[in-house]
Amino acid sequence: MKYLLPPVENYYKASLHTHSTVSDGKMTPEEVKAHYKAAGFSILALTDHHIVAAHPQLNDPDFLTLTAIELGLDSEDYAPPASFFGQTYHFNLIAKDPGNLWQPYPPKKITDRNRRQAEAAHWDQRERICSAECANEILQRAKEEGFLAIYNHPTWSKQRYPDYAPLKGLWALEIRNTHNVLNGFDDNNHRVYQDLLELGNRLAVVACDDTHRPHTVGGSWTMIGAKELTYPAVIEAMERGDLYATCGPAIHSLTLDGEMLKITCDPAVQITVQTQARFAKRVAGDDITEGEFDLSVWLQKSAGDPNAFFRLTVTAADGTYAATRAYFLDEL
Ligand SMILES: [Zn+2]
Ligand SMILES: [Zn+2]
């Protein structure tokens, strides 16, 4: 039997997209930590706009911060009306090494709020242009510099298939963004995930709050199965894909036993399996807490397909859901 989610002792609740007073958030980094700690989180990436920042002073034995930045590839003259109508690319970069304060372009503006972080950061002089070409250059460079890149809120960014199809080198997609959903945007990006996978990308999935104010804290999160709460162990688990994204139900186990895929989870009304092919499975009912899916046909027909994958979605009665990453045939 193969464990698709490792049976480690702890799955740590992680918030991988938040803002503080270092950029346009309303809470100080200390206040952001206090809110997330109270909501049961153990991992926090403060992804302030345009400034890479480390917050080691917030770490304690039960709480770990990740060094990070949110990039926005809007051009220098991004201002109304372009900022109202126009497209943009937003990516979060998470440093694999906590002391890595590289960023691809200078801070947009240095103010009293971000001066300390800006002075610590060191940057390239790349241009910020809203194009897939520019995005890919930055993603490539960020990878070389030791960062994991997340593609944020494509719905809010007004991005469509031609905008995201060319992207390469992403570590994960933000499948849900609480801040945008609460503001009325449908940033539940299942279709974008499916498209990126079908295009041959191997990427994980995360669900994030994009917190600027307290009301979004704990709306979406990523559960990371790390062997301990240390920076290297958490990054290792993220790179391995030992995680799932959720805005409600927990997944308790996910295994492949021969040709049978098995999941146990919090009470749900639907569990689906989707693949790269015209093959899907679904169970539905009241308070389902497990699902078993016979993958024999998919396994047989997908043999030799380097892009063959499956992924699961668990939907609860209140509409909240958990999403697994895609599992590829050659890793089973
Ligand atoms: Zn953003
Ligand atoms: Zn953001």
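The legends below describe close-up views of a predicted model of a protein chain.

**Figure 1. Overall fold of the protein chain.** Nine helices and 19 strands make up the secondary structure of the protein chain. The radius of gyration is 19 Å, close to the 20 Å that the globule rule gives for 332 residues, so the chain is as compact as a globular protein of that length. The C-alpha trace spans about 60 × 40 × 35 Å along its principal axes. Of the 332 residues, 47% count as buried.

**Figure 2. The largest nonpolar core.** In soluble globular proteins, nonpolar side chains tend to be buried together. The largest nonpolar core of this model holds 95 residues, and Ala149, Leu173 and Ile224 touch the most other members. Strand β15 (residues 260-275) gives the most to this core, with six residues. Both domain 1 (9-246) and domain 2 (251-331) supply at least three residues each to the core.

**Figure 3. Surroundings of Leu173.** Neighbours within four places in sequence are left aside in this view. The contacts of Leu173 are then Tyr151, Asn189, Val192, Tyr193, Leu196, Leu203 and Val205.

**Figure 4. The two faces of helix α1.** Helix α1 comprises residues 29-38, and its buried residues are Pro29, Val32, Lys33, His35 and Tyr36. These residues cover an arc of only 165° around the axis, which puts them on the same side of α1. They pack against β2 (12-18) and β3 (43-46). The exposed residues Glu30 and Ala38 lie on the face turned away from the buried side.

Conventions: Residues are numbered from 1 along each chain as its sequence is written. Chains are lettered from A and ligands numbered from 1 in the order in which they are written. This is a predicted model: local features need pLDDT of at least 70, side-chain atom pairs count only at pLDDT 80 or more; totals for chains, interfaces and linings use all residues. Helices (H or I, at least four residues) and strands (E, at least two) are DSSP runs, numbered from the N terminus. The radius of gyration is taken over C-alpha atoms; the globule rule is 2.2 Å times the number of residues to the power 0.38. A residue is buried if 20 or more other C-beta atoms lie within 10 Å of its own, exposed if 12 or fewer, and partly exposed in between; C-beta atoms are placed from the backbone. A nonpolar core is a set of buried Ala, Val, Leu, Ile, Met, Phe, Trp, Tyr and Cys residues joined through C-beta atoms within 7 Å. Domain bounds come from an automatic or database domain assignment. Two residues are in contact if their C-beta atoms, placed from the backbone, lie within 7 Å. The arc is that of the directions from the helix axis to the C-beta atoms.
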